[in-house]
Amino acid sequence: MKIQYCDALVVGGGLAGLRVAVATKEKGLSTIVLSLVPVKRSHSAAAQGGMQASLANSVMGYGDNEDVHFADTVKGSDWGCDQEVARMFVTTAPKAIRELAQWGVPWTRISGGPREVVINTERTTIEEADGAHGLINARDFGGTKKWRTCYTSDATGHTMLYGVANRAIRDDVDIRDRKEVLSLIHKGSRCYGAVVRDLVSGELEAYVAKATCIATGGWGRIYRTTTNAVICEGTGQAAALETGIATLGNPEAVQFHPTPIVPSGILLTEGCRGDGGVLRDVDGHRFMPDYEPEKKDLASRDVVSRRMMQHIRAGKGVPSPFGDHLWLDISILGREHIEKHLRDVQEIARIFNGIDPADEGPKGWLPVRPAQHYSMGGIRTKATGESPTLSGLFSCGEAACWDLHGFNRLGGNSVAETVVSGMIVGSYMSEYCMNNEADIDTATIEKFVAEQYDYIGEILSRPVGEENIFAIKQRMKDIMDEKVGIFRDGETLYGAVEELRELLQRSSKAGVRLKSRGANPELCEVYRVPRMLKIAISVAYAAMLRTESRGAHFREDHPERDDLHWLKRTIVKWTDPQSTLPHIGFESLDIMKMEMPPGFRGYGRKGMTVEHPLSRKRQEEVDTLRARMELEGRDRFEIQDALMHFELPENYKEKNERFGVGYE
Amino acid sequence: MSEKEIGKGRTLTFEILKYTPSDPESKPHFATYRLEETPGMTLFIALNMIREEQDPDLSFDFVCRAGICGSCGMMVNGKPLLACRTLTKDYPKGVIRLMPMPAFELLKDLSVNTGRWMNGMSKRVESWIHRSKERDISVLEERVEPEIAERTFELDRCIECGICVASCATALMRHDFVGAVGLNRIARFYVDPHDERSDEDFYELIGDDNGIFGCMALMACEDHCPKKLPLQEKIAFMRRKMASIK
């Protein structure tokens, strides 16, 4: 048996995983990163529009700070997020972006003086301060009060990924690609690493570590139409779930992005609308202001996606062989802007649809329809990134339910979360590695490797022809699209859960035609699909149980946000490996500890909330305390600390300097 | 796209190289598959259909399927292209021959080890910012001229797909040649004001026949670069800089 020992094992080589690895390596810990693909190919590279951080350099960002970013994030989450985590995040985000600048991310910079922009379809001139010349610029994004999204054209994820990956290469982090985790090694309530399959040779190895971090991204590929890369299959989360000890949080919280292009489902960034692009219907009418007079095309993603589907249902969609769609019009931004700031969008539209979006009028309009984009849910962690139930297991980035996003994530907060949580969780994980040993016996390690070896042997011994794994996978994706989509209801969800359970049973009969333990694409499908089905069942079952509507989770039979009964986080545990259903429980969010008690988001449907009596009580408490402390001349940091204290490692809690206002 | 266009498509013929170097029994050969064309069909769609319906053993690499991640470079009728954004409709004869990219270690069928190659290149050209002192991340960031940031970004757009290497005659003859991708990377850090390396430092990294002096200026790298990077201009510029080092 091949055993590799290290201090810190990181599963997943996207932005989050690499940033964790840089953190642990910096502390002198031996660190190994495992990745399905060469790390610079990770799905982080596909993030286009930008990263939120309240630098407030641009005139359109003046007045922005941690408090404003915090409020936007909590409202965006529809009060489903962990507010302490949100505070940790907004405080660290400006530091993350400044760190990345030094690591070589060529952030788009401000030119002092007048600049022409498009706001509300009007060409407007804004005047950047000469003093801000050369500082990091920001663009507008949905659900934000200020222009806060820092960017490099529309290839932000790419430049960030290369910046962090190059840093990891500089630091000599041991990165191994084409490696797949099959299961986690654990004993008692402690995780000790993973059983790993080499995707070229098929060989199984044990990686034993003091701490293991899962940063494998989202699970979008359980859906048919998704913006996610083909590797985003949720198998990292499934490995955690299959321990029977680690849990998933809020799997039903699935984001549908408003503007993937039809029919390929490739994402067109929110930056299209952030920079002034608009949505139009079959008549060419700009319809979003009719529904959302204040935020218009830039309400949060859950709201815009629902309004779009509502508009299509009202008969205003554009018919096409691929179903009804709407139009995204960025031609009004002008060719120069598009060819500089929305280059990848133009390239995608030209290649896949034969449309040049810079062409004026309907000729340049792009067909779009909402599709699965992001998993707010994931491996449940504490604020330190560690599993509350399986010690030594950490998770961060999209793979985790750290719970920054609650039931809806704001655009620009995902790549921001990857690096910020990488910094924070990487630090806590280092601390864990320094205080704990990998005190595991080889018999236990061997047992876990043998289990996977035997499982693959069993798959290879199955007769061919009874079940086809590709057909099962396709059916799962269809069910998720059709029954666990933007609009949900109890009966349909029940049907989805039942059929997914049946698919899970059938998947154990799928054989492979090539009887080889080596490189064997069909074999990969046969062991991955049941794991994907466990995630899909968790999503559908949690969606069925949550009889309210919150953020991206919308139940037509329960259209109200019900704070009285549902201000809770869903917790999924798969205790019985033979069962086709997990155990689902709920943990309450404590209103009396919130810095910002539940209220109206400022967009979306009004008066559709069942209020919790404590919300008002806490709001009064917050208001009184704030008023008193302001009278006493306390600053915003002291008031914030009194309302909801939070901790950060390293020097991440230090105040952030801003242009023109210093450390205020 | 009209209803007519979506009707029954042509039958495409794919000839795909199959070979598993790690298997002593395996011999390189072309396998032939026939597939009905669908509207907007890309090689990503076609190859997945072939694997699902005809040959579950066929190996190839895709990740983003949107031309962003650089995973799927392969030889399409003799030209190195990103398969995910290659449309079958652009092949009027309906015959498409796929081979793995040369210059890289072949893993299986169309799958090559660009990861290891690029990692080696990154280490060789020290593909990271070199600076003597790190700045406090709580204070205002260092200012950068907007135009310089843009020029850096322009060269930072490389996705390490390996197509420039597969196109390059020097790379095929000299296995240690750093390739347009490596020389572009040097040009990128040369522009970046955060990097403190001098001309002499860069000369140490690429001032030889496996580096900047290995390029024969055949320009196939730039012709095929899916990101349309100005590779020849940058290579010429760096060569002049490096040649002037005493």
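Helices (H or I, at least four residues) and strands (E, at least two) are DSSP runs, numbered from the N terminus. Colleagues, the structure before us is a predicted model, in which local features need pLDDT of at least 70 and side-chain atom pairs count only at pLDDT 80 or more, while totals for chains, interfaces and linings use all residues. Residues are numbered from 1 along each chain as its sequence is written, chains are lettered from A and ligands numbered from 1 in the order in which they are written, and side-chain values use heavy atoms, leaving out hydrogens and water.

I begin with Ser44(A). This residue sits in the loop between strand S2 (31-35) and strand S3 (51-52) of chain A. Is Ser44(A) buried or exposed? Its relative accessibility is 16%, so Ser44(A) counts as buried; buried means under 20% relative accessible area, with a 1.4 Å probe and protein chains only. A polar atom of its side chain lies 3.0 Å from the backbone nitrogen of Leu15(A). Not counting residues up to four places away in sequence, Ser44(A) touches Gly14(A), Leu15(A), Gly157(A), His158(A) and Leu161(A), where contact means heavy atoms within 4.5 Å.

I turn now to chain B. The domain assignment, automatic or from a database, gives domain 1 (3-112) and domain 2 (125-135 + 144-243). Their centres, taken over C-alpha atoms, are 30 Å apart. The contact takes 14 residues from domain 1 of chain B and 12 residues from domain 2 of chain B. How many salt bridges (a side-chain nitrogen of Lys or Arg within 4 Å of a carboxyl oxygen of Asp or Glu) are counted between domain 1 of chain B and domain 2 of chain B? The count is zero.

Notes:
Buried < 20%, exposed > 50% of the residue type's maximum accessible area, 1.4 Å probe, protein only. Polar contact = N/O pair within 3.5 Å; in protein donor to acceptor, adjacent residues only side chain to side chain.
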